[in-house]
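Open the model in your viewer and keep the selection tool at hand. The stops below are meant to be taken in order.

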Amino acid sequence: MMKKLIAQIEKGKPFFEKLSRNIYLRAIRDGFISAMPVILFSSLFLLIAFVPNVFGFKWDKEMEGILMKPYNYTMGLVALLVAGTTAKSLTDSYNRKLESTNQINFISTMLASICGFLFLAADPAKEGGFLNAFLGTKGLLTAFISAFITVIVYNFFIKRDITIKMPKEVPPNISQVFKDIFPFSAVILILYGIDLTIRATIKTNVAEAVLKVFEPLFTAANGWIGITIIFGAFALFWFVGIHGPSIVEPAIAAITYANIEANFKLIQAGEHANNVITSGTQMFIVTMGGTGATLVVPFMFMWVAKSKRNRAIGRASVVPTFFGVNEPILFGAPLVLNPVFFIPFVLTPIVNVWIFKFFVDVLGMNSFSVNLPWTTPAPLGIVMGTQFALLSFVLAVVLIVVDIIIYYPFLKVYDNEILEEEAGIKESNSELQDKVAANFDTKKADAILASHSNKGTETKADLTNNIKEQTNVLVLCAGGGTSGLLANALNKAAEEFNVPVKAAAGGYGAHMDIMKDYQLIILAPQVASNYEDIKQDTDKLGIKLVKTQGVEYINLTRDGQAALAFVQKQFED
């Protein structure tokens, strides 16, 4: 029955994979990634300014104003910034379809999008300047609208070569200015026209009008059914081999960050911060320990399982999973595409968010009001993200206990299966292994056991050094966490064997401007589906590109010498 259900879900995989590669969803996601330093920086000052209140200490108003200025001048303008970064990301996608000699100038689209956003979201202040009510998180949806219209208009003009052409003798930087005049002017006039129309009909700016349109949707999303569908989709998609966050995150990005700020303002006003859908909810409640809420799973594999293989997988996975990097346990067990784990993998995140909503709605706990890095260990993220609310400590413990209870019976069933395989009573489930390999580009999960338990005894990879000049390697994953594991292994091995290789880690989407400084780009399994897109960019720059398989990638992160040999192989003639 379970296998039939999974098979039915898999039938929709081609559609959802196509959706996950949609250039507009990707632009939203990558636009947020580019703005993340601003978001995290601002939250630091929020913590400094108001966490001491929990312990009975309050800054005086002057000092509070000093501490909050960095927040107001960064997070308070985040929509303005995202209008630019989203336009930049979308420009990169459109440029892949244009001739290399006739590209859209991303600097110009960023400027046009930012200026156009001001027309849609900013109101003039009586004493001069702009009112910033919609320049922060309230204006994020409008920022996306501005970015999309901007790049679409630019593409129309540049693709048809509707520009002011200058003589060949004119320097390229001067010619570019004139080339951008027509599309820039068209963008501003179109967005200004929209602004005038909305103000004349609805008597408000576009940003407020957009919020009113989406308000019923936001309200429904915060309800029990809404959070079930939204956060259940993360795990459901990923279980069948689709990178769920690529689809779901862009759809809820605006509301998650808007709710963080709304919750903060509610707390400052002495009211209950009851907005459940936030970035913190996603990172530390729903995906605590990674998609599937797998924080407890490696510990259970390590301490509860009886099979040698599962205990080894637990030991190999526990540290990265603790920091939200759970690919080792996903592919090593495997959890994904494994009928035994379908119910807990999808149900646990849903139950977690139900419990969180109960704590917020019924027990009166404040929801998340601070943005934190996604690699923050989930229990700490829950406590810090809710400004050390007393109930947050209880919540963290309850979630861990409940998650153990949900996963335990399924883990025991699976562990018994592996014990029978180890005892030779039954054959290894090659069908499951083949399905995981087909959907996640992985090999047999047993490779993790070989790489982890045989350290010091395994045959070392052949290391014939064919790299004589300085070679830079960029490892890309979804958010920059998993890629760091391989980059670190490469750097350590390169130093040990005196090979001129330097590796860096990054998140897919934030790589466009730095690619030119690298000779090789390695795609982690989560972003391997983007291979054809990025290959268009690497081919233009003469950069080598390679994608990795799931378990293969994990093995490389654990064997620096093998990782170095893997890099050297890419440069063989």
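In which loop is Asp161 found? Select Asp161: it is in the loop between α7 (140-159) and α8 (172-202), where helices are DSSP runs of H or I with at least four residues, numbered from the N terminus. Phi of Asp161 is near 60°, a positive value in a residue other than glycine. Asp161 is partly exposed, with a relative accessible area of 35% (buried is under 20%, exposed over 50%, partly exposed in between, with a 1.4 Å probe and protein chains only).

This is a predicted model, in which local features need pLDDT of at least 70 and side-chain atom pairs count only at pLDDT 80 or more, while totals for chains, interfaces and linings use all residues. Residues are numbered from 1 along each chain as its sequence is written, and side-chain values use heavy atoms, without hydrogens and water.

Next, select Phe388, in the loop between α17 (378-385) and α18 (390-422). Phe388 also has a positive phi, about 60°, and is not a glycine. Its relative accessible area is 24%, so Phe388 is partly exposed.

Now show α12 (residues 279-286) with α16 (residues 342-361): their axes come within 9 Å and cross at roughly 120°. Axes are lines fitted to C-alpha atoms over the stretch in contact, and angles run from 0 to 180 degrees between N-to-C directions. The two helices are therefore oblique to each other (under 35 degrees is roughly parallel, over 145 roughly antiparallel, 65 to 115 roughly perpendicular, the rest oblique). To display the contact (heavy atoms within 4.5 Å), pick Thr281, Ile285 and Val286 of α12 and Pro349, Asn352, Val353 and Phe356 of α16.
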